[in-house]
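Subject: Structure handover

Hello,

Here is the structure we talked about. Please open it alongside this note and read the two together.

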Amino acid sequence: MSEVPGSTASTGSGAPWAAAAAAFTRWREGEGEGLEDLVRLLSPVLWQVVRATGLDRERAEDVVQTTWIALVDHADSIASPQAISAWLCTSARREAWRAGRHASRERPVEDQVLAYGLPDHESPEEQVILEDEAEALRRALGKLPERCQKLLRIVAAGPRPNYQDVASTLDMPVGSIGPTRGRCLDKLRHELTLAGGIR
Amino acid sequence: MTDTTGAPRSDDELLDEVAHLWTKLDPPPADLADGVLARLAAQDLEYELLTLVESDQAAAGVRSATLQRAPDETGTWSLEYLGPGFRVQLRVSRRGRQARLDGWVSPPQPMTVMLSSVLRKGGVLEAQVSDSGRFEFPVAPAGACRMTFVTETGGRPQATPPFWI
């Protein structure tokens with residue numbers, strides 16, 4: 001995905017983790033703008049982390065806000081600036097999971113399952129016009145079993161690895177996340193290869 | 001390595017692409033971070049929060065002084081906050097996009113008052129409380145603001161919850 005340099009939700013060189021650690025340090029040293037910078041850097045990442053759990057947009061926004069409030073309350077417990085991104089993503093995922101359990105009592109199960117799927121009817125994503133590469137990836141993802149789609153979206157969002165959280169979100173044993181992730185990625189590669197062969 | 005025709009890619013590269021795809025398919029609301037900052041500003045952070053004890057328009061049932069105002073709204077409204085050992089009365093006067101803010105601290109005590117916009121960076125205005133307890137901001141920013149009081153004796157600054165000018 002080279003068309004946008006510095007893509008934010010990645011582990012690559014464009015990832016915001018280093019900048020987040022620096023902003024967190026500035027905030028801890030008393031510079032208020034450090035927190036604002038941190039919020040602007042990582043809120044989009046937290047959004048992806050939370051949405052990946054299947055939460056609707058409104059609840060997702062609320063969970064992102066709650067996560068930041070938790071940070072302000074618990075900033076002292078974060079061991080090192082390098083841990084800030086992982087801490088926030090883990091908190092967001094847990095809060096989303098909690099909110100999702102609460103929400104699932106309020107709406108039918110089918111809705112929740114659909115919300116994970118591709119395409120998602122409540123998001124604007126069907127109207128999104130993608131470049132060829134991204135479109136190919138979207139199509140390939142859409143051909144995977146739903147569980148794989150969910151798992152890959154969750155694993156992809158935020159710093160890696162986060163198997164413990166993924167395990168609780170998907171209600172799977174921790175030990176099976178790595179192998180399942182591997183199988184899902186292999187299936188994705190296979191679909192991409194098939195698509196490439198047809199083109 | 002961004003060849004989508006099936007060339008082998010590492011797990012991390014592929015996951016980066018999945019993550020990036022989702023940022024396109026499901027972008028966050030444009031004001032996500034602003035909403036977070038507003039919510040944080042409403043929390044008690046490094047300062048002690050003053051309590052809003054009176055707001056004339058809210059009392060009159062017209063409109064809460066803590067709500068957003070139309071950009072060209074004209075009028076005068078007052079707010080009163082209670083802190084530990086002092087009371088602050090504020091009078092906001094707005095004519096179109098111009099606003100001024102007058103305040104009284106009782107009992108009078110030497111303090112520095114800071115007026116800041118909640119969402120916009122920088123632009124913190126400062127005023128001193130006079131011997132009679134008065135202070136003023138002849139040109140106040142519009143939008144969500146908060147006021148912070150710092151006493152000369154030290155201690156935690158006292159801040160109002162955000163209010164709209």
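Start with confidence. This is a predicted model, and chain B averages a pLDDT of 80, with 77% of the residues scoring at least 70. That score is the predictor's confidence in each residue, from 0 to 100. Within chain B, helix α3 (residues 56-59) has the lowest confidence, at a mean of 52, and β8(B) the highest, at 96. Residues 1-6 of chain B have a pLDDT below 50, and this stretch has 15 contacts in the model beyond near neighbours in sequence. Two residues are in contact if their C-beta atoms, placed from the backbone, lie within 7 Å. Residues 58-66 of chain B also stay under 50, with 14 contacts beyond four places in sequence. Where pLDDT is low, the predicted coordinates should not be read in detail. For the complex, the predictor gives an ipTM of 0.80 and a pTM of 0.59.

Some conventions. Residues are numbered from 1 along each chain as its sequence is written, with chains lettered from A and ligands numbered from 1 in the order in which they are written. The model is predicted, and local features need pLDDT of at least 70, side-chain atom pairs count only at pLDDT 80 or more, and totals for chains, interfaces and linings use all residues. Helices (H or I, at least four residues) and strands (E, at least two) are DSSP runs, numbered from the N terminus.

Chain A

Chain A has nine helices and zero strands. Of its 199 residues, 36% count as buried. A residue is buried if 20 or more other C-beta atoms lie within 10 Å of its own, exposed if 12 or fewer, and partly exposed in between; C-beta atoms are placed from the backbone. Take the contacts in chain A between residues at least 6 apart in sequence: 65% of them join residues at least 24 apart.

The largest nonpolar core holds 55 residues, and A:Leu38, A:Leu46, A:Val50, A:Val64 and A:Ala92 touch the most other members. Helix α2 (residues 32-51) of chain A gives the most to this core, with ten residues. Such a core is a set of buried Ala, Val, Leu, Ile, Met, Phe, Trp, Tyr and Cys residues joined through C-beta atoms within 7 Å. Leaving out residues up to four places away in sequence, A:Leu46 touches A:Val64, A:Thr67, A:Leu88, A:Cys89 and A:Ala92. A second, separate core has 24 residues, including B:Leu79, B:Met111, B:Met147 and B:Ala159.

Now look at helix α7 (residues 146-156) of chain A. Its buried residues include A:Lys150, A:Leu151, A:Ile154 and A:Val155. α7(A) packs on helix α8 (residues 163-170) of chain A at an angle of about 145°, with the axes 10 Å apart. Axes are lines fitted to C-alpha atoms, for helices over the stretch in contact, and angles run from 0 to 180 degrees between N-to-C directions. The contact joins A:Lys150, A:Leu151, A:Ile154 and A:Val155 of α7(A) with A:Val166, A:Thr169 and A:Leu170 of α8(A). Just after α7(A), A:Gly158 takes a positive phi of about 85°.

Chain B

Five strands of chain B form an open antiparallel sheet in the order β2-β3-β4-β5-β8. Its edge strands are β2 (51-55) and β8 (134-137), each pairing on one side only. The twist averages 20° from one strand to the next. Two strands pair if DSSP finds at least two bridges between them. Strands β4 (residues 86-95) and β5 (residues 98-106) of chain B run antiparallel and share nine bridges. There, B:Arg87 stands opposite B:Ser106.

Strand β9 (residues 144-151) of chain B has several pairings:
- With β6 (residues 111-117) of chain B, β9(B) pairs antiparallel over seven bridges, and B:Met111 has B:Thr151 as its bridge partner.

Between the chains

Look at B:Arg39, in helix α2 (residues 32-42) of chain B. Why does B:Arg39 count as partly exposed? Because B:Arg39 has 17 C-beta neighbours inside 10 Å. Setting aside neighbours within four places in sequence, B:Arg39 is in contact with A:Gln65 and A:Ile69. The C-alpha atoms of B:Arg39 and B:Pro162 are separated by 10.0 Å, and the two residues are 123 apart along the chain.

Best wishes
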